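Reader: I am new to this structure and would like to know the grounds for the terms used about it. Please set each value against its rule.

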Amino acid sequence: MMRHFRDLIGAGKFRPVIDRRYPLGQIVDAYRYVETGQKIGHVVITVVPPN
């Protein structure tokens, strides 16, 4: 299955749709946005490891 996705990505036939990105500290805002039903793609939560 992973080879299939690799081949699709390599051929430019697969493009994930990212609607919005939120940092982990704004996860509540991200959840509220998803609950509105207005999202048209994925909502990504960015987790940055501490330095």
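Author: Buried means under 20% relative accessible area, exposed means over 50%, and partly exposed is in between. The model is predicted. Asp7 has 46% relative accessibility and counts as partly exposed.

Reader: Why is Arg6 called exposed?

Author: The relative accessible area of Arg6 is 53%. Exposed means over 50%, so Arg6 is exposed.

Reader: What makes the contact of Arg6 with Asp7 a salt bridge?

Author: The closest N and O atoms of Arg6 and Asp7 are 3.5 Å apart. The rule asks for a side-chain nitrogen of Lys or Arg within 4 Å of a carboxyl oxygen of Asp or Glu, so the contact of Arg6 with Asp7 is a salt bridge.

Reader: How many salt bridges are there by this rule?

Author: The count comes to 2 salt bridges. Among them is the one between Asp29 and Arg32, at 3.8 Å from N to O. That value, too, lies within 4 Å.

Reader: Where do Asp29 and Arg32 lie, and how many residues apart are they?

Author: Both are in helix H2, 3 residues apart, which is about one turn of the helix. Asp29 has a relative accessibility of 37% and is partly exposed, whereas Arg32 has 56% and is exposed.

Reader: Why are Phe5 and Phe14 called an aromatic pair, and why edge-to-face?

Author: A pair of aromatic rings is described by the distance of the centres and the angle of the planes. The centres of the Phe5 and Phe14 rings are 5.8 Å apart, with 65° between the planes.

Reader: Are Phe5 and Phe14 buried, exposed or partly exposed?

Author: Phe5 has a relative accessible area of 32% and Phe14 has 34%. Both values fall between 20% and 50%, so both residues are partly exposed.

Reader: What makes Arg20 a charge over the ring of Tyr33?

Author: Arg20 is 3.8 Å from the ring centre of Tyr33 and lies over the face of the ring. The distance cut-off is within 6 Å, so the value for Arg20 meets it.

Reader: How do you know that helix H1 is hardly covered?

Author: H1 takes in residues 2-10, and the count of buried residues among its 9 residues is 0. After H1 comes Gly12, with a positive phi near 75°. In the loop between H1 and S1 is Lys13. At 67% relative accessibility, Lys13 is over the cut-off of 50% and therefore counts as exposed.

Reader: How do you know that strands S1 and S2 pair?

Author: S1 (residues 18-23) and S2 (residues 42-46) share 5 bridges in the parallel sense. Two strands pair if there are at least two bridges between them, so S1 and S2 pair. Tyr22 has Ile45 in S2 as its bridge partner, and Arg21 stands opposite Val44 in S2.

Reader: What unit do S1, helix H2 and S2 make?

Author: With H2 at residues 27-35, they make a right-handed β-α-β unit. The chain has 2 helices and 2 strands, and its pattern along the sequence is α-β-α-β.

Reader: How far from Leu24 are Val47 and Lys13?

Author: Val47 is in the segment after S2. Lys13 and Leu24 are 11 residues apart along the chain, and their C-alpha atoms are separated by 30 Å. Val47 has a relative accessible area of 57%, so Val47 is exposed.

Methods: Residues numbered from 1 in each chain as written. Predicted model: local features only at pLDDT ≥ 70, side-chain atom pairs only at ≥ 80, totals over all residues. Heavy atoms only, no water. Phe/Tyr/Trp six-rings, centres within 6.5 Å; stacked < 30°, edge-to-face > 60°. Buried < 20%, exposed > 50% of the residue type's maximum accessible area, 1.4 Å probe, protein only. Lys NZ or Arg CZ within 6 Å of the ring centre and 35° of its normal. Helix = DSSP H or I, 4+ residues; strand = E, 2+ residues; numbered from the N terminus. Right-handed = clockwise from strand over helix to strand, strands pointing away.
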